[in-house]
Amino acid sequence: MAASDELSVLVVSPLGRDADLIRTTLTQSGIQSEAFQDIAGAVEAFRSSDDVGALLVAEEALGDKNVAVLATALLLQSDWSDLPVLVLVAPGKQMLRNRQLEQSWAPLGKVTLLERPMHRATLMSSVKAALRARSRQYERKLAEEALRKSDKLAIVGRLASSIAHEINNPLEAIGNALYLLSSTALNPLQQEYLDIARQELDRVTEIASHTLMFNRHSNKRAQASVPEILDSVLMLYRARLAGSKIAIERRYQNTIPLICYPGELRQVFANLIGNAFDAMRGGGRIVLRERAVMHPKTCQHGIRITVADTGHGMSAGVKAKLFEAFLSTKGNQGTGLGLWVSKGIIDKHCGSIRVRSSAKNGHSGTVFSIFIPLDTRGIIDGALPTLQKTEAAD
């Protein structure tokens, strides 16, 4: 959270009606607040909440013991955090800076003194300035988190490429051995086993190649058929499909080739189809649809690709963070990078990806809908088909 209007002020005033009056004033200005009679309660709220913007405390609540409690809480803040503290003081103390108070409050660091009686304008100006400062701190926090995630992604990418590179050497040796074996006389059963070994070797080699591409960015676009890309992905899952109770429905309507990055789109579809398999351990149905459409807002000609499954669906909480890096619902079996990378690839194609999902019993499932603008250089005959002006997910 970083917006100042979403942050709350913790008000500590053990005597009189100060807390109620201050909260009323803050509420009238659209600022959230919470009142406490002692420092301990406010400190607990500060430690357990992610939306505290400032602490406004009356000086009578700052005895030596309470100063120590508050000072400890402030000392234990994260590096990015520096909670603004405003102190209500008796008349004249803001100017005189009483030495005794100055020494007793020193553990709190820099505090803002507000002299009683307070004018509404003075109070609001000071509180809003504190909330703006706190908002900037939250923005710093988000920037640091993004940097850490970026570093982790770079490490994962380099590690994946390194492993794939090492795997390629033994794969090449196995390929040579199978080639030599194919030149010998084999009976039909041995030949069948050799063919299976070749097919599986091709599959492993393709997986290793995709892994190598994880840390590389392709700058070459090419003309490609989306149905052919989808079918090539299904070939990767043919062994898994054969042993499952999952039915595949292909509904391809478009015949126009697309100017795109074929390898990267294959990575997107492999991730979506793989997730669909994982969501249907007990069987189900996957529907792949591809058709020419026109975007209703931009009127761009393009292609809509839909990957739908009848799996267990996902919760609203998971859906809200679906395209964040390192978010995984598969435990140790998932990296949490698949959909994050997929979203980046679709963005690279100037497209969009949307999802709707239901986890209701008997009506569960997930639908991913992708729109990719059609590059006219990919049209062979120079003519556009009849396009459906729709943005609805199929």
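**Close-up views of a helix pair and a parallel sheet**

**View 1. The crossing of helices α8 and α10 is right-handed.** In this predicted model, the axes of α8, which spans residues 226-236, and α10, which spans residues 262-278, approach each other to within 9 Å and cross at roughly 50°.

**View 2. Residues from both helices build the contact of α8 with α10.** On the α8 side the contact is made by Val226, Ile229, Leu230, Ser232, Val233 and Leu234, while α10 contributes Pro262, Leu265, Arg266, Phe269, Ala270 and Ile273. By residue class, this contact comprises 10 nonpolar residues, together with 1 polar and 1 charged residue.

**View 3. Five strands with parallel pairing form an open sheet in the order β2-β1-β3-β4-β5.** The edges of the sheet are β2 (32-36) and β5 (112-115), each of which pairs on one side only. From one strand to the next, the twist averages 25°.

**View 4. Strands β3 and β4 run parallel and are joined by 4 bridges.** Strand β3 covers residues 52-58 and strand β4 covers residues 85-89; within this pairing, Leu56 has Leu86 of β4 as its bridge partner.

**View 5. Helix α2 packs on the sheet.** This helix, formed by residues 39-48, touches β1 (8-12), β2 and β3, and the direction of α2 makes about 160° with that of β1.

Notes:
Residues numbered from 1 in each chain as written. Predicted model: local features only at pLDDT ≥ 70, side-chain atom pairs only at ≥ 80, totals over all residues. Heavy atoms only, no water. Axes fitted to C-alpha atoms, helices over the stretch in contact; angles between N-to-C directions. Helix = DSSP H or I, 4+ residues; strand = E, 2+ residues; numbered from the N terminus. Left-handed = near helix turned anticlockwise from the far one by under 90°. Contact = heavy atoms within 4.5 Å. Nonpolar A, V, L, I, M, F, W, Y, C, P; charged D, E, K, R; others polar. Pairing = 2+ DSSP bridges.
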